[in-house]
Amino acid sequence: MKTIEAPIQKKEIRIPSNRLKHSFTILLLISIIWLSGWKVEFSITSLINGLPNMVDLLVELFPPDLSYINNVTQPMLETIRMAVLGTTFGAIISIPIALCSARNVAILPIISIPSRFLLNLVRTIPDLLLAAFFVAVFGIGALPGIFALTIFSVGIIAKLTYEAIENIDPGPLEAMTAVGANKIKWITYGVIPQVLSQFMSFVLYTFEVNVRAAAVLGLVGAGGIGLYYERTLGFFEYDKTSTIILFTLIVVLIIDYLSTKIRERLI
Amino acid sequence: MAQTFTSTPVKKKNPLRKWIIIISICFVYIWAFSGIPIIQIKETSSEVISSIFAGLFQPDWDYVYDPAGEDLLRGLLDTLAIAVLGTVIAAVLCIPFSFLAASNMSRGKVFSGSGKFILSFIRVFPEIVMALLFIKAVGPGAFAGVLALGINSIGMLGKLFSEEIESLDLGPKEALIATGANPIKAIWFSVIPQILPSFLSFVIYRFEINVRSATILGIIGAGGIGTPLIFALSVRDWERVGVILLGIILMVVIIDFISGKIRERLT
């Protein structure tokens, strides 16, 4: 009997204060949404007026002009190339950063706090912004794209890896400290064997993300297939645009499938 | 680097497979590096880089608030408004899709399979490309960005939400139906209370992602802070680039902090 009474009593006490709080929250949410709508000039009429345009666009997207695939195969390969290199450089750079950020490896907070701060800073900048920045510095081409993907990958890989390092089994580490191993041996034989397979899996996952990111980097001039979106849309060749979209989707799905299979075997 | 990555985990397996893996990875890297443009170091590059750093560390504070017109605060508010509205649209639109995709709610595998296919199709579609298509349909501006984010977020929200529905406890619903509740009442009082907290948590998480995405939509003309940023980058006004980057980083950090706190309280 007691177990049934207790929750009911508790509920009766909580309801009045909750209701006030809930109505305030809902009021606040509605006003935020309303203000946002006013700010972006949200209008149903322009949406309705735009709908015929959108239907026209969708009609023109079909059927895709499949012969255009020959023209975009090279940029597509360049996109994958950029993703491969960006992920690799990012993985190499993220090893020391991950080791410095993990609290059980870098015991001194003077090392771990700045490197974590750096990582959080890197992760707030979207990939396309990085690419736009590097294009402004190095000029148009695949190179700024690779640099942007490198920094973008460091943000993902280093974050995931240092969390994995913090969860490793401390036993082997203590044993190695006890027999007097120096820090480099301690890391090589105590830390790395425990996180290597997870690290590889994170690298592959980042590669998947990078292929998708690399496909749009061309919009700001950073190489790859993205350039062709703007080119075909600019000339109103929508059947070619839909070819590019389909081609990208197929490549992304294949790479996702392969990398998921490899990741399943790694862990 | 590739060799050191792979040779350690496969030490104990048979040597032929190990060599096949190493050779295929080497092949991928040779292919990837062969396509890279050679880094050309221009004579002026050190000058350019020093002017960039000088600009980034001496931000153009006058740009933060300018009563006359375009300024940083207005741009950031626009970006936030786009993210809010995009998330709200996606949160509403994803509900029917997720009920369709959840295998315990829709009748038959055909419906849930097609629902899952639509959601994964939307998920692999790059949002920048979606924004390009919407710009063609409703014209450039924040509204196109809102629509692109709104449609694109359906993929992720719908997937997370449908998985949540699949792991639902259907006992209370059956009990309500047994006492004579109609199906709508049964869902309202048994299903909704179970999934509401995690649903809100997913929506807030997606809002964090959308804030980042909204900062880059402006690069292609879909409103927000991206537009002034790409202008400043193209005229190499590094002081202004510095202040805009600083604004974006601060906004993302604050939003992440607030939404992290709210999500902690929800779950």
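User: How many Å separate the centres of domain 1 of chain B and domain 2 of chain B?

Analyst: Domain bounds come from an automatic or database domain assignment. Here, domain 1 of chain B covers 2-34 and domain 2 covers 63-266. Taken over C-alpha atoms, their centres are 40 Å apart. This is a predicted model, in which local features need pLDDT of at least 70 and side-chain atom pairs pLDDT 80 or more, while totals for chains, interfaces and linings use all residues. Residues are numbered from 1 along each chain as its sequence is written, with chains lettered from A and ligands numbered from 1 in the order in which they are written.

User: How many residues does the contact take from chain B and from chain A?

Analyst: Two residues are in contact if their C-beta atoms, placed from the backbone, lie within 7 Å. Chain A gives 47 residues and chain B gives 43 residues. On the side of chain B that touches chain A, 35 residues are nonpolar (Ala, Val, Leu, Ile, Met, Phe, Trp, Tyr, Cys and Pro), four are charged (Asp, Glu, Lys and Arg) and four are polar (the others, Gly among them).

User: Is α5(A) mostly covered or mostly open?

Analyst: A helix is a DSSP run of H or I with at least four residues, numbered from the N terminus. A residue is buried if 20 or more other C-beta atoms, placed from the backbone, lie within 10 Å of its own. In α5(A), 11 of the 12 residues are buried, so by this definition the helix is mostly covered. Among them are D127(A), F133(A) and F138(A). The buried residues pack against α6 (142-166) and α8 (183-217) of chain A, and against α9 and α10 of chain B.

Note on methods: Helix = DSSP H or I, 4+ residues; strand = E, 2+ residues; numbered from the N terminus.
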